Amino acid sequence: IFHAALDFINARKDCSDFVLHGILRLLYMVDGKWRMVNGTPIINHSLLTDELFQCARSTTLNFKYFPNEPGIDSLCTWTENHYILFTSAAYLAGQMYPNEVFPNSGETGKQKVELNRKRILRWLDLRFHTGFSEWLSHVYYDEDLTALLALSDFAADEEIRQKSEMILDLLLFDMAFTS
C-alpha cells in the first residue's frame, strides 16, 4: 500500500496532493515523535524500514509542487482545495528538508518555505475575508481540513499555525451551523 501511494504520487496523477499529505504526516509523526531543533523538524523513522523512509523522502523531494515547475503531469492545482494542499505540502516539505535541493524545481527547502509561506498566508487571508468558494462541500472541506490540520500541527511559523487554526474554526463553524 505504501509503495502504491508513492507510485501514484510519483506518476503526478490528479489528486497526488491528497496522497502526499498522508506521506508528509507519516514522516512528521512516525513513532509519534517529532521535534523542532533550530527550526528544523527532527524525524524519528524507526518504525519505517530505511528503504521505505528513503522512498518517501525521494518522493517528497522530487514532487512537482507548483504548475511553473517542469514536468508532464495531470495535476489539478488551481482550485481552492488543491491550491492549499499543494502550497502547504511544499511548505512542510521545505521545512522538513531546508538545506536540500528539490530536483524538480531546483529550489532549496528554505526557498520553498519562503515562497509558499506567502501563498499560504494569502489563501488564509482570502478565506478569512471572503469565506470558501467551494462552500459547504463535504468533499472539498475534507481536503481543506487535511492541509489546515497539517499546518496547525507541523508549521514552525507561529503566524501560519495561528491563522490556520482560525480558518479551521471558521470551516468547522460553517459545517456545524448548516447541519
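Let's start with Y83. At 23% relative accessibility, Y83 counts as partly exposed. Keep in mind that this is a predicted model.

F66 is buried, with a relative accessible area of 17%. The cut-off for buried is under 20%, so F66 falls inside it.

The ring centres of F66 and Y83 are 6.1 Å apart, and the planes stand at 75 degrees. Edge-to-face needs over 60 degrees, so this pair is edge-to-face.

F66 has another neighbour. R119 lies over the face of F66, at 3.4 Å from the ring centre.

There is a second case of a charge over a ring. Here the charged end of R57 sits over Y97, 5.3 Å from the centre of the ring.

On to the next ring pair, W123 and F132. Their centres are also 6.1 Å apart, with planes at 70 degrees, so this pair is edge-to-face as well. Are W123 and F132 buried or exposed? Both are buried.

How many aromatic pairs are there? The count comes to eight. There is also a cluster: F63, Y65, F86 and F102 form one aromatic group.

Next, helix packing. Two packed helices are described by the angle between their axes and the distance between the axes. Take α1, residues 2-10, and α3. Their axes come within 10 Å and cross at roughly 20 degrees. That makes α1 roughly parallel to α3. The crossing is left-handed.

Which residues make the contact? From α1, F2, H3, L6, I9 and N10. From α3, E51, L52, C55, A56 and T59.

Last topic, backbone. Most residues other than glycine have a negative phi. Two residues in this model deserve a look.

R12 has a phi near 55 degrees, a positive value, and R12 is not a glycine. R12 is in the loop between α1 and α2 (16-29). At 13% relative accessibility, R12 counts as buried.

C15 is in the loop between α1 and α2 too. Phi of C15 is positive, about 80 degrees, although C15 is not a glycine. C15 counts as partly exposed, at 24% relative accessibility.

That's my tour. Questions are welcome.

Conventions:
Residues are numbered from 1 along each chain as its sequence is written. This is a predicted model: local features need pLDDT of at least 70, side-chain atom pairs count only at pLDDT 80 or more; totals for chains, interfaces and linings use all residues. Side-chain values use heavy atoms; hydrogens and water are left out. Rings of Phe, Tyr and Trp (its six-membered ring) pair if their centres lie within 6.5 Å; planes under 30 degrees apart count as stacked, over 60 as edge-to-face and the rest as tilted. Buried means under 20% relative accessible area, exposed over 50%, partly exposed in between (1.4 Å probe, protein chains only). A charge sits over a ring if NZ of Lys or CZ of Arg is within 6 Å of the ring centre and within 35 degrees of the ring normal. Axes are lines fitted to C-alpha atoms, for helices over the stretch in contact, and angles run from 0 to 180 degrees between N-to-C directions. Helices (H or I, at least four residues) and strands (E, at least two) are DSSP runs, numbered from the N terminus. Angles under 35 degrees count as roughly parallel, over 145 as roughly antiparallel, 65 to 115 as roughly perpendicular and the rest as oblique. A crossing is left-handed if the near helix is turned anticlockwise from the far one by less than a right angle, and right-handed if clockwise. Contact means heavy atoms within 4.5 Å.
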